[in-house]
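User: Please take me through this structure in questions and answers, giving the cut-offs behind each term as it comes up.

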Amino acid sequence: MVKTADLCDDYADELTLCRMELKSFGGKKQFEGPISTVKVFEDNVLVKESLKTIPEGHVLVVDGGGSKNCALVGDLLGAIAEERKIAGIIVNGCVRDTAELATQNIGVLALGSNPFKSIKKGEGERDIPVNFGDAAFVPGHYVYADEDGVVVAEQKL
């Protein structure tokens, strides 16, 4: 795993910094991989579907619109991600079951935690570019995350 600081030193012109303060909740503090995306609002049905279908090693970027009203990821979805060897999950929203997520071998970044579960209507979009923190997360592009931050590149560096 390459540190984001080292990547920024060597590839500053090829990287976009996610300018959003995200907290780490997963057992892995450093992760990287090709991006897969979902855009939802207080509904995690597509998050679960994506975790069951995206390729091993990918990072699922969940644009939850920044809502802190409920959690979009918890220990059950974390277990699916861990079992399928998903590299990590980045959530523009909240997670729950944080004690359990901390024991799972996946990276999980989110705005915060909330014990309330989401609604289950299945609304939202998958595999589209999403934007938050002044960064564009485009399916197939590459994301690197560690204790220093999250950076996005158009290809693996």
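Analyst: At 38% relative accessibility, K39 counts as partly exposed, where buried means under 20% relative accessible area, exposed over 50% and partly exposed in between, with a 1.4 Å probe and protein chains only. This is a predicted model, in which local features need pLDDT of at least 70 and side-chain atom pairs count only at pLDDT 80 or more, while totals for chains, interfaces and linings use all residues. Residues are numbered from 1 along each chain as its sequence is written, and side-chain values use heavy atoms, with hydrogens and water left out.

User: With which residue does K39 form a salt bridge?

Analyst: A salt bridge here is a side-chain nitrogen of Lys or Arg within 4 Å of a carboxyl oxygen of Asp or Glu. For K39 the closest N and O atoms of the pair are 3.6 Å apart, and the partner is D63. The pair links distant parts of the chain, 24 residues apart, with K39 in strand β3 and D63 in strand β4; helices (H or I, at least four residues) and strands (E, at least two) are DSSP runs numbered from the N terminus.

User: Is strand β4 largely enclosed or open?

Analyst: The side chains of β4 point two ways, V59, V61 and D63 to one and L60 and V62 to the other, and all are buried. In a regular strand the side chains alternate between the two faces of the sheet. Because five of the five residues of β4 (residues 59-63) are buried, the strand is largely enclosed by the rest of the structure.

User: Which strands pair with β4?

Analyst: Two strands pair if DSSP finds at least two bridges between them. Strand β3 (residues 31-39) pairs with β4 in the parallel sense over five bridges, and K39 stands opposite D63 there. Five bridges also join β4 to strand β6 (residues 88-95), again running parallel, with V62 opposite V91. The strands asked for are therefore β3 and β6.

User: Which residue forms a salt bridge with E49?

Analyst: E49 lies in helix α2, and the pair links distant parts of the chain, its other member being in strand β8 (residues 125-126), 77 residues apart. The closest N and O atoms are 3.9 Å apart, and the partner is R126.

User: Where do the residues of the UniProt feature "binding site" gather?

Analyst: The unreviewed UniProt entry places this feature at G74, D75, L76, L77 and R96; such positions are given in the numbering used here, feature names are shortened, and annotations may be inferred rather than shown by experiment. They span 23 residues in sequence, yet no two of their C-alpha atoms are more than 10.3 Å apart, so they gather at one spot.

User: Is G74 buried or exposed?

Analyst: G74 sits in the loop between β5 (71-73) and α3 (75-83). Not counting residues up to four places away in sequence, G74 touches R96, D97 and L101, contact meaning heavy atoms within 4.5 Å. At 10% relative accessibility, G74 counts as buried.
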